[in-house]
Amino acid sequence: MTHSCSGPCFDRRGALTAAAVAGVGIPFLAACGNDSSGDVAVDTGPAGTSLTTTGSVPVGGGTIIDEEKVVVVQPREGEFKAWSSICTHQGCSVTAVEDGEIICRCHSSHFSIDDGAPVSGPASTPLPEVAIKVSGEDVQLA
Ligand code: FES
C-alpha cells in the first residue's frame with residue numbers, strides 16, 4: 001500500500017471507492033495518493049466513449065481530443081495507442097503532434113508517440129497511457 005486515506009477516496013474516474021462513508025455523508029474529499037512518485041492520474045471518460053475515427057489519426061502522428069484529455073496516435077499503420085494529453089511537466093495540455101512527437105508548448109516538452117516517453121524539454125516523466133479499443137473505424141476508451 002503506497003497511501004492511506006483518512007476520508008473517502010476516489011479512483012481515477014471519480015468513483016467513490018471507500019466504504020467508510022456509508023451512512024455518514026462525505027465530510028471532505030481527501031486528496032489520496034499524492035503524485036510525488038511522478039504518477040499522474042488520468043481522468044478521461046467512461047469506457048466506450050468514442051474518441052475519434054481511425055481515418056482521423058495520421059500514420060506517424062496523432063489527434064488530440066481535448067474533451068477527454070487524450071492524444072490518440074498511430075505510430076505505425078494500423079497500430080493505435082493513446083496517451084494522456086496533460087503534460088507531465090507542469091500540467092499544460094499538449095498542443096500538437098508533429099514528426100512523431102507530442103508537443104507541449106508551455107515549456108517545449110516533446111514526447112514520443114510510440115511510448116509517451118519524454119524526448120526533449122523539461123518533462124522527465126512519460127505521458128500516462130490511456131486504454132483504448134478500436135471498434136470498426138471508431139476509436140474508443142476501453
Ligand atoms: S507544462 Fe508542458 S512543458 Fe511545462
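I began at S85, whose side chain reaches the backbone nitrogen of V70 at 3.4 Å; I count a polar contact as a pair of N or O atoms within 3.5 Å, where within protein one must be able to donate a hydrogen and the other to accept it, and residues adjacent in sequence count only if both atoms are side-chain atoms. I note that this is a predicted model, in which local features need pLDDT of at least 70 and side-chain atom pairs count only at pLDDT 80 or more, while totals for chains, interfaces and linings use all residues. Residues are numbered from 1 along each chain as its sequence is written, and side-chain values use heavy atoms, with hydrogens and water left out.

I then placed S85 in the loop between strand 4 (79-84) and strand 5 (96-98), strands being DSSP runs of E with at least two residues, numbered from the N terminus. S85 is buried, with a relative accessible area of 1% (buried means under 20%, with a 1.4 Å probe and protein chains only). Leaving aside residues up to four places away in sequence, I found that S85 touches I64, K69, V70, V71, C92, S93 and V94, contact meaning heavy atoms within 4.5 Å.

Next I looked up strand 10 (residues 138-141), which runs antiparallel to strand 1 (residues 50-53) and is joined to it by three bridges; two strands pair if DSSP finds at least two bridges between them. T53 stands opposite D138. Strand 9 (residues 132-135) is also antiparallel to strand 10, with four bridges, and K133 stands opposite Q140. Strands 9 and 10 form a hairpin with two residues between them, and G136 in the turn has a positive phi of about 65 degrees.

How values were computed
Buried means under 20% relative accessible area, exposed over 50%, partly exposed in between (1.4 Å probe, protein chains only).
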